[in-house]
Amino acid sequence: ILEPLASSLSVLSEEEKEAGVCLVDIGGGTTDLAVFHENIIRHTSVIPLGGNILTKDIKEGCMVMQHQAELLKTKFGKAIAEEANPNEIVSIPGLRNRSPREISIKNLAHIIEARMQEIVELVHAEIITSGYEKRLAGGIVLTGGGSQLQNLKQLVEYMTGMDVRIGYPNEHLGKSKVEAVKTPMFATTVGLVLSGFKA
């Protein structure tokens, strides 16, 4: 099953698919996109950039280890640099017998914003290519692990001029005790389970 199609089963409503909506699933290695209109999938695309490229940018830009870059992204990362406090600093343990590194949250946000702008531009170009840009009353629904980045919703709204919401798979999970699977990161997984039940 196509990945964005699986994600759509867990995060999109039938009304959204009928009205017109673009699902953007930001995963680790890729950003998957699916445009729906009148309950039909009209356009799909895979952009070869995802959360892992952000981690790589942070690793190189802040000169930290891979696991430290991932932690910086998930705990302190913002998609809009203006939203970051210029005085906020995070201390990262240095290599053996070296002093800790001090990372500016503002600088971190600049690194993330530059790459996210590139991804959003590519997403917007795909929506325009689909020919449905002016017919998506449901706007854009962001899901996947990358959608949890702070201020991403605002960045996408600003760059595309479209309504944006974050897609959570929890409306199909009932009273599940497993809170972890209610995050956008598991949208595809939940969708695959749902597609198995529908088969």
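Start by selecting Cys 62, which counts as buried at 6% relative accessibility. Buried means a relative accessible area under 20%, exposed means over 50%, and partly exposed covers what lies in between, with a 1.4 Å probe and protein chains only. The model is predicted, so local features need pLDDT of at least 70 and side-chain atom pairs count only at pLDDT 80 or more, while totals for chains, interfaces and linings use all residues. Residues are numbered from 1 along each chain as its sequence is written, and side-chain values use heavy atoms, with hydrogens and water left out.

**The cysteines**

A disulfide is a covalent bond between the sulfur atoms of two cysteines. How many disulfides does a search of the whole structure find? The search finds zero, where a disulfide is taken as a pair of cysteine sulfur atoms within 2.5 Å.

**The whole chain**

Now show the protein as a cartoon. Seven helices and seven strands make up its secondary structure. These are DSSP runs numbered from the N terminus, with helices being H or I runs of at least four residues and strands being E runs of at least two. Going along the sequence, the pattern reads α-α-β-β-β-α-α-β-β-α-β-α-β-α.

Of the 199 residues in the protein, 47% are buried. The accessible surface comes to about 10,400 Å², and carbon and sulfur atoms account for 53% of it. Accessible areas come from the Shrake-Rupley method with a 1.4 Å probe, and for residues only the protein chains shown count as cover. Take the contacts between residues at least 6 apart in sequence: 58% of them join residues at least 24 apart. Contact here means heavy atoms within 4.5 Å.

**Helix H2: Lys 17 and Glu 14**

Select helix H2, residues 14–19. Lys 17 and Glu 14 both lie there, three residues apart, about one turn of the helix. An α-helix has 3.6 residues a turn, so residues three or four places apart point the same way. The two side chains meet in a salt bridge, at 3.7 Å from N to O. A salt bridge is a side-chain nitrogen of Lys or Arg within 4 Å of a carboxyl oxygen of Asp or Glu, and by this rule the count comes to eight.

Is Lys 17 buried or exposed? Lys 17 counts as buried because its relative accessibility is 9%. Glu 14, at 47%, counts as partly exposed. Leaving aside neighbours within four places in sequence, Lys 17 is in contact with Ser 8, Leu 9, Leu 12, Phe 36, His 37, Glu 38 and Asn 39.

Move on to helix H5, residues 105–130, where Arg 115 and Glu 118 are three residues apart and so separated by about one helical turn. They form a salt bridge whose closest N and O atoms are 2.7 Å apart. Arg 115 counts as buried at 18% relative accessibility, and Glu 118 as partly exposed at 33%. Salt bridges that share partners join Asp 57, Arg 115 and Glu 118 into one network.

Next select Ile 119, also placed in H5. This residue is buried, with a relative accessible area of 2%. Apart from neighbours within four places in sequence, Ile 119 is in contact with Thr 31, Leu 49 and Gly 50.

The last stop is helix H4, residues 66–76. Which residues of H4 are buried? They are Gln 68, Ala 69, Leu 72 and Lys 73. These residues cover an arc of only 140° around the axis, which puts them on the same side of H4; the arc is that of the directions from the helix axis to the C-beta atoms. His 67, Thr 74 and Lys 75 are exposed on the other side of H4.

To see what the buried residues of H4 pack against, show helix H3 (51–62), strand S4 (89–92), strand S5 (101–104) and H5.

Finish with Glu 70 and Lys 73, which form a salt bridge with their closest N and O atoms 3.3 Å apart. Glu 70 is partly exposed, with a relative accessible area of 33%, whereas Lys 73 is buried, with 11%.
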